[in-house]
Amino acid sequence: MSFKKKFYLGSLELSNNIFYAPLAGCSDLAFRKMSKIYDPGLFFCEMVKMDALIRYDPNTFRLLDYTKDMHPIGAQICGSKPEIAYHSAKIIEDLGFDVIDLNCGCPVDKVTKDGSGSALLSHPERIGEILHEMVAAVKIPVTVKIRAGYDDQSVNAPEIVTIAEKAGAKCITVHGRTRKQAYKGLADRDVIKECKARANTIYVFGNGDIFDVPSAHHMFEHTECDGIVISRGSMGQPWIADDIRRYYESGEVVERDTNAIKEHLLKHFQYILEYKSERKALLEMRKVGCWYLKNCVGVKQIRQELNKASSTQDMLDLIHNFSWEESNERTTCAV
Ligand SMILES: Cc1cc2nc3c(=O)[nH]c(=O)nc-3n(C[C@H](O)[C@H](O)[C@H](O)COP(=O)(O)O)c2cc1C
């Protein structure tokens, strides 16, 4: 499949088949406000833990804050216990989310140590059990996000596609790296292609290394996936879904000059300030600023300056006084 202007997950109508991934520590309310401007078919809050959800932990619920105009919106849960998956999924549906996703890809030790995230890849039958509970609990579409496998010797994503399909999941996102790879090397698109060939009713979305229109096009062409999920490519490029859509709809290649990028950074900062204390907003801008500045001359130096900014005015001065000269070198975002 290629780009689709209308896309259905069950009975849920989405404006297209380009999704933005859940990004722990990144896809917060401000990030999603920026994303919404460019209308990806679906985007997600940051991942939340099932255990924390069913404890009604306030910090976890805060990660799930969204505004009415953000629909359709997805939540992603992470956990390894089928016995709490039903309750967790119900909470997400009751909060008004349109889609619920199960995380089977997070490589971070503090997540995998209790068997959650990518640790589930070594226990595919448990993925089926958890999904089964989630599907039984809710009417909204249940989806799942996996990696190619645990390591090169145990690439089992195609097997998990069948398990997820049988459990009733509507869509599976396949990140073409193994857990062992973490974020290193390139994502293997052949394994995504194999997953798509294995699927009967479940949609397969391709994920990994989509940073621009050509890489999105290659993902569609090479894997024949039903849609794409953009992750690091959405950091500091909230417009990427729009660029891809315009390319498919009219062949238009959109150029975003550094002035436009500056305006977006200012807007993103404003959204952060509306939601967080000044202190937290300034800390957040150390990361967010780098996303938007990554293709500019002098990024190394301004990174250090961003770390020192001690007030909103300091930060605004930095952004306004920066040269915003485009560099010929292209870098991807630091993880
Ligand atoms: C900072 C960061 C946070 C992430 N958080 C999540 C997450 O919460 N849930 C998830 O399924 N994947 C998460 N991922 C993985 C990405 O969604 C994606 O699978 C991975 O980065 C590969 O895609 P990319 O090469 O296009 O970035 C995260 C990745 C990064 C870099």
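Start by selecting helix α12; its buried residues are Ala281, Leu282, Glu284, Met285, Val288, Gly289, Trp291, Tyr292 and Leu293. The model on screen is predicted. Look at Met285, where α12 bends by about 35°.

Now turn to the nonpolar cores. The largest has 73 residues. Select Ile100, Leu131, Ala164, Ile172, Val204 and Ile228, the residues with the most contacts inside this core. Helix α7 (residues 157-167) supplies the largest share of the core, six residues. A second, separate core has 22 residues, including Met235, Phe269, Leu282 and Trp291. Two of these names were on the α12 selection, where Leu282 and Trp291 are among the buried residues.

Leaving out residues up to four places away in sequence, Ile228 touches Ile18, Phe205, Gly206, Ile210, Ala216, Met219 and Phe220.

Move to helix α6 (residues 124-137) and pick Ile127. Is Ile127 buried or exposed? Ile127 is buried, because 24 other C-beta atoms lie within 10 Å, and the cut-off for buried is 20 or more. Beyond its neighbours within four places in sequence, Ile127 is in contact with Cys104, Leu120, Val144, Ile160, Ile163 and Ala164. Draw a distance between the C-alpha atoms of Ile127 and Ala164: they are 37 residues apart along the chain and separated by 7.4 Å.

The ligand is the next stop. There are 24 residues around the ligand, and Ala21, Ala24, Met47, Ser231 and Arg232 come nearest. Colour the shell by class to see 11 nonpolar, nine polar and four charged residues.

Finish with the backbone. Most residues other than glycine have a negative phi, and most peptide bonds are trans. The peptide bond from His71 to Pro72 is cis, with omega near -5°. Pro72 sits in the loop between α3 (58-63) and β6 (73-78).

Then select Ala182, in the loop between β9 (171-178) and α8 (189-198). Ala182 is not a glycine, yet its phi is positive, about 55°. Ala182 counts as partly exposed, with 13 C-beta neighbours inside 10 Å. Last, select Glu224, in the loop between α9 (213-223) and β11 (227-230). Glu224 has a positive phi of about 60°, and is not a glycine either. With 15 other C-beta atoms within 10 Å, Glu224 is partly exposed.

How values were computed
Residues are numbered from 1 along each chain as its sequence is written. This is a predicted model: local features need pLDDT of at least 70, side-chain atom pairs count only at pLDDT 80 or more; totals for chains, interfaces and linings use all residues. A residue is near a molecule or strand if its C-beta atom, placed from the backbone, lies within 6 Å of it. Ala, Val, Leu, Ile, Met, Phe, Trp, Tyr, Cys and Pro count as nonpolar, Asp, Glu, Lys and Arg as charged, and the others, Gly among them, as polar. A nonpolar core is a set of buried Ala, Val, Leu, Ile, Met, Phe, Trp, Tyr and Cys residues joined through C-beta atoms within 7 Å. A residue is buried if 20 or more other C-beta atoms lie within 10 Å of its own, exposed if 12 or fewer, and partly exposed in between; C-beta atoms are placed from the backbone. Helices (H or I, at least four residues) and strands (E, at least two) are DSSP runs, numbered from the N terminus. Two residues are in contact if their C-beta atoms, placed from the backbone, lie within 7 Å. The bend at a residue is the angle between axes fitted to the seven residues ending there and the seven starting there.
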